[in-house]
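This report goes through the strands, the helices, the cores and a few backbone details in turn. Please keep the structure open while reading.

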Amino acid sequence: MTLTTELLKLPIVDLSSPDRLSTAATILQACTDHGFFYLVNHGVEEELFQKVFNESKKLFSFPLEEKMKLGRKDHRGYTPLFAESLDPDLAPKGDPKESYYIGPLEEDSAPVKLNQWPSQETLPSWRPTMETFYRKLACAGNKLLRLIALALKLEETFFERMGGLDKPTAYLRLLRYPGELGSADEDVCGASAHSDYGMITLLATDGVQGLQICREKFKQPQVWEDVLHLDGALIINIGDMMERWTNCMFRSTLHRVMPVGQERFSAAFFLDPKHDCLVECLESCCSESSPARFPPILSGDYLKERFRLTYKSNLESIV
C-alpha cells in the first residue's frame with residue numbers, strides 16, 4: 001500500500017556561497033533528513049539546460065529503427081521503452097521510459113572510443129552540447145563533494161585524496177517519459193521505485209512534475225512526497241555507496257517517477273569514484289556505540305555486485 005502526501009519542501013544549497021561552513025551544515029541536515037536537496041548557482045546556465053533538452057527531444061523523436069542503430073553497448077547509447085525495470089516484481093514488462101547513456105568522455109588519444117554519438121549530419125549540435133553539459137555537471141559535482149566532505153568533518157579534499165575523483169566513473173543519462181504510461185486505474189510508474197547505487201546524482205528536469213520520494217524506505221505503508229521543480233536548480237540525491245560510506249548517516253532515499261499526462265524529459269548525472277577507490281566507513285561516522293556496519297570494499301566491486309543481485313544484469317539505476 002502506498003500513500004501520497006503534499007508537496008515536499010527540500011532544502012536549497014547555494015554552491016557559490018562564501019560561508020562554506022554554513023553551507024556544509026545545510027548539506028548535513030539535508031542528507032540526514034531527506035537525502036535530497038536543491039543545488040543553485042552551480043555553474044550550468046539556463047540556456048544550456050534548454051539546449052540539452054532540445055537536443056534530447058530531437059534524438060528521441062527519431063524512428064525506433066534509427067535510434068536502435070545507436071543501441072546501448074558498454075553502457076553507452078540508446079535504450080528503448082520497456083527494456084529495463086528498476087523493480088522487476090512490480091514492473092515485469094519493464095519501465096515505460098527510453099534513455100540515452102553517455103559515459104566518461106574519452107581523450108582524443110584514447111585507442112578505443114566507447115561513447116556513441118549521433119551523426120553530425122542529422123544532429124550537428126548534439127555532441128558539443130552534451131560534452132559541455134557533462135563537463136559542467138562534473139565540475140559542479142566535484143565542488144559539491146568538497147562541501148560534503150566538510151559536512152562530514154573531513155578535509156575538503158578528502159574525496160580527491162582518496163583517488164575517487166581524478167578519473168571518476170561518471171555517466172550522463174538522458175531520459176524521456178511518454179505522456180501516457182497506462183490506464184487511469186493502473187499503478188504504473190515511469191521509473192519504478194529505487195535508490196541510486198553510487199555516490200551522488202545531479203538531476204536536471206524540464207519542469208514537468210512526476211518525481212516523488214519516500215523518506216522511510218523500510219516502513220509500510222510507504223508515504224510518497226512530490227518533489228517540485230525549481231527553475232535553474234539541480235536536484236541532488238545521495239546514493240547507496242555514500243550511505244554505506246557514512247555508516248547510514250546520510251540517506252539513500254527511495255524515489256520514483258509517476259505519470260502526469262505530459263511528456264517528460266530529464267537528465268541524470270551519476271558521479272561515482274573510480275573502480276579501485278576503497279569505500280570504508282568514515283572515522284567521523286562511527287564510534288564505539290555506532291560501529292561500522294559494512295566491511296571495506298572497492299567501488300567497482302560494490303557496484304558490480306549491486307547490479308548482479310538486483311537485476312542479474314548490468315543495468316544502471318536511474319532517476
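## Strand S8 and its sheet

Strand S8 is covered on both faces: Ile200, Leu202 and Ala204 are buried on one side, and Thr201, Leu203 and Thr205 are buried on the other. Buried stands for under 20% relative accessible area, exposed for over 50%, and partly exposed for what lies in between (1.4 Å probe, protein chains only). Side chains in a regular strand alternate between the two faces of the sheet.

The model is a predicted one, in which local features need pLDDT of at least 70 and side-chain atom pairs count only at pLDDT 80 or more, while totals for chains, interfaces and linings use all residues. Residues are numbered from 1 along each chain as its sequence is written, and side-chain values use heavy atoms, with hydrogens and water left out.

Helices (H or I, at least four residues) and strands (E, at least two) are DSSP runs, numbered from the N terminus. Eight strands form an open sheet with mixed pairing, in the order S2-S3-S11-S8-S13-S6-S5-S4. Two strands pair if DSSP finds at least two bridges between them. From one strand to the next the twist averages 25°.

| Strand pair | Bridges | Residues opposite each other |
|---|---|---|
| S8 and S11 | four bridges | Ile200 and Ile238 |
| S8 and S13 | six bridges | Leu203 and Ala268 |

Contact here means heavy atoms within 4.5 Å. Axes are lines fitted to C-alpha atoms, for helices over the stretch in contact, and angles run from 0 to 180 degrees between N-to-C directions.

How do H1 and H4 pack against each other? H1 (residues 20–33) and H4 (residues 126–151) meet at an angle of about 80°, with axes 8 Å apart. The two helices are therefore roughly perpendicular, a term for angles of 65 to 115 degrees. On the H1 side the contact is made by Arg20, Thr23, Ala24, Ile27 and Leu28, and H4 contributes residues including Leu144, Arg146 and Leu147.

## Nonpolar cores

A nonpolar core is a set of buried Ala, Val, Leu, Ile, Met, Phe, Trp, Tyr and Cys residues joined through side-chain atoms within 4.5 Å. The largest one has 64 residues, and Phe133, Ile148, Phe159 and Met242 have the most contacts inside it. H4 supplies the largest share of this core, 13 residues. Another core, of 13 residues, lies apart from it and includes Val40, Leu211, Val227 and Ala268.

## Backbone details

Most residues other than glycine have a negative phi, and most peptide bonds are trans. Asn41, in the loop between S3 and helix H2 (46–60), has a positive phi of about 55° and is partly exposed at 48% relative accessible area. Lys153, in the loop between H4 and helix H5 (158–161), has a positive phi of about 60° and counts as exposed at 74% relative accessibility. The peptide bond from Gln220 to Pro221 is cis, with omega near -5°. Pro221 sits in the loop between S9 (211–214) and S10 (222–226).

Note on methods
Angles under 35 degrees count as roughly parallel, over 145 as roughly antiparallel, 65 to 115 as roughly perpendicular and the rest as oblique.
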